[in-house]
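Hi everyone, thanks for making time today. I'd like to walk you through a structure that may be new to you, so please have a look at it first.

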Amino acid sequence: EGFVVYAGAVPDEPPPGLSLVLAPDPPMAFELRVGARAEAPAILTWAEDAEALRFVSFEDVHLAAVTPLAGAGRPLLETRAGPALTFVERGGGASLVLGFDLERSDWPRQPSFVIFVRNLLERARRLEAAGGIPPGPLGAPLRVPAPDGSTVRVTSPSGRTATAVARSGVALVPVPPEPGVFRVRLEDERERFALRALRDPAESDPRPRLRLVQVSGAPAEAGEAAAGSPGQGDGPWLALAAFGLLALALEAAWATRGRRRRAPPGSGSSARGEPGRR
């Protein structure tokens, strides 16, 4: 597994890992059909969300000729003549096919081409670091490239084993949700290795994500159980709150108490405390 570059002729079967095909000869380039040459096609759109085209722009790129690509895969670069760059992903790897000659284009003289090559090398390095087996989340099956009909045996970090038979060039081996290095062995071949969740702190944490307990006959989350059900252990706090409210009420009553005094009998004062008039 690694990064293989073809120019013109390609083999009948794609290699494992990542491959780049430049200006393939007709009529076929792996799973793609190579069409008739079209001169000076205008570039219409490109897939900015594709990993290979991350930070890559074709705004000022010109192509002298294109042999449009058709068939399987995802077109990443569209011209008036048809797709000029297509990404094909398969169980044993992936291929990027360019339907034009780089020597008849000004793209290699632009910074975006350097970024494009860097994106491909980063993907190839990640695939090689994973032993040629695409990485994935905890518990996801291992996609092991293998000849059809061959048996693949996988040993997990804890020592558990699982096997699967390859179909269409790949064996889907179910593995337990364990972080670490999985040992992969094919029939009469060298041992490979697959990685799971070594760089993700959240997924590398094997501790349970959720713990359920029984409280008052009903299931509850661990956080709810730790806090306790309503009415348990709240007595002192409720009494303190009630005492505080009572103290506030007494203070308000004292601050607004009436200061008027009742007039003596026969003084003739009015209800407002003013001297009486005859």
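The mean pLDDT of the chain is 79, with 71% of the residues at 70 or more. Over residues 220–233, though, the pLDDT is below 50, and this stretch has 12 contacts in the model beyond near neighbours in sequence. Residues 267–278 also stay under 50, with 5 contacts beyond four places in sequence. Where pLDDT is low, the predicted coordinates should not be read in detail.

Now the overall picture. The chain has 278 residues, and 34% of them count as buried. You can find 4 helices and 19 strands. Among contacts with a separation of 6 or more, 52% are between residues 24 or more positions apart.

On to the aromatic residues: how many aromatic pairs does the structure hold? There are 7. One of them is Phe58 with Trp107, a tilted pair at 4.8 Å centre to centre and 45° between the planes. The two residues are 49 apart in the chain, with Phe58 in the loop between β6 and β7, and Trp107 in the loop between β11 and α1. Are they buried or exposed? Phe58 is buried, at 2% relative accessible area, and Trp107 is buried too, at 0%.

Phe113 and Phe116 make another tilted pair, 6.4 Å centre to centre and 35° between the planes. Both sit in helix α1, 3 residues apart, so about one helical turn separates them. Each of the two, Phe113 and Phe116, is buried.

Finally, Trp46, Phe58, Phe100, Trp107, Phe113 and Phe116 form one aromatic cluster.

Conventions. Residues are numbered from 1 along each chain as its sequence is written. This is a predicted model: local features need pLDDT of at least 70, side-chain atom pairs count only at pLDDT 80 or more; totals for chains, interfaces and linings use all residues. Side-chain values use heavy atoms; hydrogens and water are left out. Buried means under 20% relative accessible area, exposed over 50%, partly exposed in between (1.4 Å probe, protein chains only). Contact means heavy atoms within 4.5 Å. pLDDT is the predictor's confidence in each residue, from 0 to 100. Rings of Phe, Tyr and Trp (its six-membered ring) pair if their centres lie within 6.5 Å; planes under 30 degrees apart count as stacked, over 60 as edge-to-face and the rest as tilted.
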